[in-house]
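Subject: Handover of a structure and summary of findings

Dear colleague,

Please find below the structure that I am handing over to you.

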Amino acid sequence: MSAAADPALDAAAKPAADVADRDRLTITRILRVNHAGEYGAIRIYGAQIAVARRLWPDLVPRLEEMRGDEIRHCGLFRGAMPTRGSRPCRVMQLWSLGGFVMGFATALAGRRSIWICTAAVEAAVHRHLGDQLHFLAGKDDGVGAIIRDINVEEIDHLRTAEAQLGPGPAQGRLYAAIAAITDLLIWLSTWGDSVRMARALAAARL
């Protein structure tokens, strides 16, 4: 689906609802970190594809498909930024370099490492997207629509990785390290607002 015809992008063109200044700032940070995260994912898959062409060619079509999804997601978040006063985050280079190094290293380490990387990143992303949807309810339906739209594909990426890893948990040092790096970059990109959203969601569930 082209970006111009995407219903989520049409929703993003509408201005945010009239919300408190702090909440409006959080919305700009949500867009900022999601845009950066999608760019980082593009870099991860790009590096993995480059290595996989030589070492694991059978993985290339699925990796390219997932990278295509991330490119679309990145465009959706970038398109929603102008009407909400948001812009790419100041640590984009960290996302870019970190994504490339992570993708290159995991692809060299083997097929299983590629899928552990995908599982760890997508699990962290899915958790944060859930927190964001809870926060955005009644505050910005346009950004919420984008997140619900892309979350379908993010969950598919996670399920694909889990299927490749087989039964049993993928937990291990590599998984834990990648998840921790992802959470750290999200925290840096939102100036800690990711923690505030997580606490609000936990309080709502009590």
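The notes below cover the fold, the nonpolar cores, the cavity and the cysteines.

This is a predicted model, in which local features need pLDDT of at least 70 and side-chain atom pairs count only at pLDDT 80 or more, while totals for chains, interfaces and linings use all residues. Residues are numbered from 1 along each chain as its sequence is written, and side-chain values use heavy atoms, with hydrogens and water left out.

The protein chain has eight helices and zero strands; both are DSSP runs numbered from the N terminus (helices: H or I, at least four residues; strands: E, at least two). Of its 206 residues, 49% count as buried, that is, under 20% relative accessible area with a 1.4 Å probe, protein chains only. Among contacts (heavy atoms within 4.5 Å) with a separation of 6 or more, 83% are between residues 24 or more positions apart.

The largest nonpolar core comprises 23 residues, and Leu 63 and Trp 115 have the most contacts inside it. Such a core is a set of buried Ala, Val, Leu, Ile, Met, Phe, Trp, Tyr and Cys residues joined through side-chain atoms within 4.5 Å. Two or more of its residues come from each of H2 (21-55), H3 (60-80), H4 (92-109), H5 (111-136), H6 (141-165) and H7 (173-190). H5 contributes the most, with seven residues. Leaving aside residues up to four places away in sequence, Leu 63 touches Tyr 45, Gln 48, Ile 49, Ala 52, Ile 114 and Trp 115. Another core lies apart from this one and has 15 residues, including Val 19, Leu 76, Ala 80 and Ile 147.

A search of the whole structure finds one cavity of 30 Å³ or more. A cavity is a set of points, on a 1 Å grid over the protein atoms alone, where a 1.4 Å probe fits but cannot get out; lining residues have an atom within 4 Å of a point. The largest cavity holds about 370 Å³ of space. It is lined by 28 residues, of which Gly 37, Trp 95, Val 121, Val 125 and Thr 182 are the closest to its centre. H2, H3, H4, H5, H6 and H7 each supply at least two residues of this lining.

Finally, the structure holds zero disulfides, a disulfide being a pair of cysteine sulfur atoms within 2.5 Å. Cys 74 is buried at 10% relative accessible area, and Cys 89 is buried at 7%.

Yours sincerely

Conventions: Buried < 20%, exposed > 50% of the residue type's maximum accessible area, 1.4 Å probe, protein only. 1 Å grid on protein atoms, 1.4 Å probe; cavity = no way out; pocket = protein on both sides within 12 Å on 5 of 7 lines; lining within 4 Å. Points joined across faces, edges and corners; volume = space filled by probe spheres on them.
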